Amino acid sequence: MDAQHERDEDRVRESRHLIMRVLLALLLVGLAFNTQAASIEARLVRGSNDTKAVDSKLQDLEPKLKKQFGYEYYQQLGVQKARLQENKTRRLNLGEGFVLFVTPKSIVEKVHELDLEWTSGRASLVKTTVRIPEGDYLFIKGPAVADDWILLVVTVHGS
Amino acid sequence: MSRHQTETISGLLDGELKGFRRWTTERHVNRCPICAVEYRRQRHVRRMLQANPSPVQMTDSAEFFWSKVKAEIRHRGVKRHQTPGLLPVWLRHHPFAATGGVIVAAAVFSAVLWMRAPEPLSHPAAAAPTTSAKVERVKTAIPHTTATPLSSDSSQVTVIWVSGLPWTPNMNAMKTEFANLDT
């Protein structure tokens, strides 16, 4: 009688474990979908006419930067990526004391509404709210250092 | 023109004066020996400068220089530069008339404002031409600094131009500058 009871109990345990595994799998699938959310990429760039500022990392962006700012060469000083999560502020340390705070507000048809704050040290350089489609670029012209300009390039990558 | 105004004489030589002002200034210069001497002196200096122009040295390429000029013009908008006029000179010597003029001007301005239908205030961001990305709001907390969204020829690019940020000679100086700049 006791043996029969233990066998039944094992079956119940097994079925419980199976259900838990299925639920866990479903949870993981859900998380996987969630982690495929859009991401933001911020690059800190130095625009210069000095040949030392040549940077192969910015080959894709160089024509656009040249058109907007006119410098011959562009050097990537820092880059950070972060996944976007609604109303959650991300801090992107871009190097040289520059930090970008990003808070996604909403997303409509792959157009992301973002609150951005670009800071350096204790100073808030600029605060903005932008609606930026995935794949588009936001350039921010920042401070001048010697004959060069410090620029911020922001883009949103889709899921 | 009752007083000796070197700026006005300079304006006459530069061709900035037109119409009545030009006529009165020329008349004064012809009659006033002090201004005639000043006129001849300035004309002599101009001729010497024209004959011996200083060589222009540019560190930037022409293309880059014009891109900076265009960007600055877009940022500042159209600002008219005015040379000192005949009326302000006259007003300086008649302070009561100046005060009265200011009161009358203020009254007229107030009346115009009062009669005018109210219009919605436009934010700089709203005035920017529509691009694919749209700047809803933009501001900067640093004094004497402005942040302006600019239109771009490229459909995929939007630019925010922050002007008036402190200039520094190198990256370390910049870090120190902003580390001490509390906003």
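Biologist: Which residue in β2(A) is the bridge partner of A:E41?

Modeller: The partner of A:E41 in β2(A) is A:K81. Before going further, note that this is a predicted model, in which local features need pLDDT of at least 70 and side-chain atom pairs count only at pLDDT 80 or more, while totals for chains, interfaces and linings use all residues. Residues are numbered from 1 along each chain as its sequence is written, and chains are lettered from A and ligands numbered from 1 in the order in which they are written.

Biologist: How many bridges join β1 of chain A to β2(A), and do they run parallel or antiparallel?

Modeller: Strand β1 of chain A, residues 39-48, is joined to β2(A) by 10 bridges, and the two run antiparallel. Strands here are DSSP runs of E with at least two residues, helices are runs of H or I with at least four residues, and both are numbered from the N terminus. Two strands pair if DSSP finds at least two bridges between them.

Biologist: What's the strand order in the sheet they belong to?

Modeller: The order is β2(A)-β1(A)-β8(A)-β7(A)-β3(B)-β2(B), an open sheet of six strands with mixed pairing.

Biologist: OK, zooming out, how many helices and strands does chain A have?

Modeller: Chain A has two helices and eight strands, and along the sequence they follow the pattern α-β-α-β-β-β-β-β-β-β. Of its 159 residues, 33% are buried, where buried means that 20 or more other C-beta atoms lie within 10 Å of the residue's own, exposed means 12 or fewer, and partly exposed is in between, with C-beta atoms placed from the backbone.

Biologist: And chain B, what pattern does that follow?

Modeller: Chain B reads α-α-α-α-α-α-α-β-β-β-α, which comes to eight helices and three strands. Of the 183 residues of chain B, 15% count as buried.

Biologist: Where does A:E96 lie?

Modeller: A:E96 lies in the loop between β3 (90-95) and β4 (98-108) of chain A, and its phi is near 55°, a positive value in a residue other than glycine. A:E96 is partly exposed, because 17 other C-beta atoms lie within 10 Å.

Biologist: What about phi of A:K110?

Modeller: Phi of A:K110 is near 65°, again a positive value in a residue other than glycine. A:K110 lies in the loop between β4 and β5 (111-120) of chain A, and it counts as partly exposed because it has 13 C-beta neighbours inside 10 Å.

Biologist: Switching to helices, at what angle do α1 and α2 of chain B cross?

Modeller: The axes of α1 (residues 6-14) and α2 (residues 19-31) of chain B cross at roughly 110° and come within 10 Å; axes are lines fitted to C-alpha atoms, for helices over the stretch in contact, and angles run from 0 to 180 degrees between N-to-C directions. The two helices α1(B) and α2(B) are therefore roughly perpendicular, a class that covers 65 to 115 degrees, with under 35 counting as roughly parallel, over 145 as roughly antiparallel and the rest as oblique.

Biologist: Which residues make the contact?

Modeller: B:T8, B:I9 and B:L12 of α1(B) meet B:R22, B:T25, B:E26 and B:V29 of α2(B), with contact meaning that the C-beta atoms of two residues, placed from the backbone, lie within 7 Å.
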